[in-house]
Amino acid sequence: MWEVRQLRPVNSASTTCVNGISSCKTDRSLWIHQGCIDRDGFLNLVGSTIEQILSTKVATMIEKRLKTLCGGEITPETLSAHSPEEIKTIGVSMRKAKNLNCLAIHVTNKDLDTLADKDDKEVYTWLTALPGIGEWTVHMFMIFHLNRLDISPVSDLTFHKSFNPVRPL
């Protein structure tokens, strides 16, 4: 996996960019307070699953609909109480609805909390065994739930757009 330390500065602009990324504060409590770190690993994976290949605006709308469907709180229990057909009514594809349902049935926050003690490769292997979870979702989970700020989501379009003017990836 790509990490910030692997980004080699090639000019003064990229040196400034890489140095700025590398000096990010790693105080988890500050990030949680600012809303950058998800406290709930299950919600992180649900959100990332919904956000795949969608605009932020559409993903936010769908997440609100899912919260309503789940009675105001999205948990493994409230989500698994709904069939993929019911989940599909919030505006996701049947495949995504099945992936969300499978995630709710097979994963608990307790399971996800154990991933904090695993290395990046073990986290990647564990999560990608779940349907609908790929490299991008794993990167988002490691950054925003496990607070692994040395992970660079190179498969993320926004990351490419932000970094490309400085150094093409």
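## A helical chain around H3

Thr49 is buried, with a relative accessible area of 3%; buried here means under 20% relative accessible area, exposed means over 50%, and partly exposed lies in between, using a 1.4 Å probe and protein chains only. This is a predicted model, in which local features need pLDDT of at least 70, side-chain atom pairs count only at pLDDT 80 or more, and totals for chains, interfaces and linings use all residues. Residues are numbered from 1 along each chain as its sequence is written, and side-chain values use heavy atoms, with hydrogens and water left out. Thr49 belongs to helix H3, so let's begin with the overall picture and then turn to that helix.

**Overall make-up**

- The protein chain has 11 helices and zero strands; helices (H or I, at least four residues) and strands (E, at least two) are DSSP runs, numbered from the N terminus.
- Of the 169 residues in the protein chain, 39% are buried.
- The accessible surface of the chain is about 9500 Å², and carbon and sulfur atoms account for 54% of that surface; these areas come from the Shrake-Rupley method with a 1.4 Å probe, and for residues only the protein chains shown count as cover.
- Taking contacts between residues at least 6 apart in sequence, 57% join residues at least 24 apart; a contact means heavy atoms within 4.5 Å.

**How confident is the model?**

- The average pLDDT of the protein chain is 77, and 66% of the residues score at least 70; pLDDT is the predictor's confidence in each residue, from 0 to 100.
- Confidence is highest in helix H6 (residues 84–88), with a mean of 97, and lowest in helix H2 (residues 28–33), with a mean of 40.
- Residues 21–36 have a pLDDT below 50, and this stretch makes 19 contacts in the model beyond near neighbours in sequence.
- Residues 1–14 also stay under 50 in pLDDT, and the model gives them 38 contacts beyond four places in sequence.

- H3 is largely enclosed by the rest of the structure, because nine of its 11 residues are buried.
- Those buried residues are Gly41, Phe42, Asn44, Leu45, Val46, Gly47, Ser48, Thr49 and Ile50.
- Their cover includes H4, helix H5 (76–80), H7, helix H8 (109–113), H9 and H10.
- Not counting residues up to four places away in sequence, Thr49 touches Lys96, Leu100, Leu103 and Ile133.
- At the start of H3, a side-chain oxygen of Asp40 comes within 2.9 Å of the backbone nitrogen of Phe42. This is a polar contact, that is, a pair of N or O atoms within 3.5 Å; within protein, one must be able to donate a hydrogen and the other to accept it, and residues adjacent in sequence count only if both atoms are side-chain atoms.
- Ile53, which follows H3, has a positive phi near 60°.

**The nonpolar core**

- The largest nonpolar core contains 31 residues, and Val46, Leu79 and Leu127 have the most contacts inside it. Such a core is a set of buried Ala, Val, Leu, Ile, Met, Phe, Trp, Tyr and Cys residues joined through side-chain atoms within 4.5 Å.
- At least two residues of this core come from each of helix H3 (41–51), helix H4 (56–69), helix H7 (94–106), helix H9 (120–128) and helix H10 (135–144).
- Apart from neighbours within four places in sequence, Val46 is in contact with Leu66, Ile74, Leu79, Leu100 and Leu103.
- In soluble globular proteins, nonpolar side chains tend to be buried together.

**Asn101, a buried polar residue**

- Asn101 sits in helix H7 and is buried, with a relative accessible area of 10%.
- A polar atom of the Asn101 side chain lies 2.7 Å from the backbone oxygen of His82.
- Leaving aside neighbours within four places in sequence, Asn101 contacts Leu79, Ser80, His82, Ser83, Pro84 and Ile87.

- The whole structure has one salt bridge, meaning a side-chain nitrogen of Lys or Arg within 4 Å of a carboxyl oxygen of Asp or Glu.
- That salt bridge joins the side chains of Arg148 and Asp120 (2.7 Å, N to O).
- Arg148 is in the loop between H10 and H11 and Asp120 is in helix H9, so the pair ties together parts that are 28 residues apart in sequence.
- Arg148 and Asp120 are both buried.
- Asn147 is in the loop between H10 and helix H11 (157–163), and counts as buried at 15% relative accessibility.
- Although Asn147 is not a glycine, its phi is positive, at about 60°.
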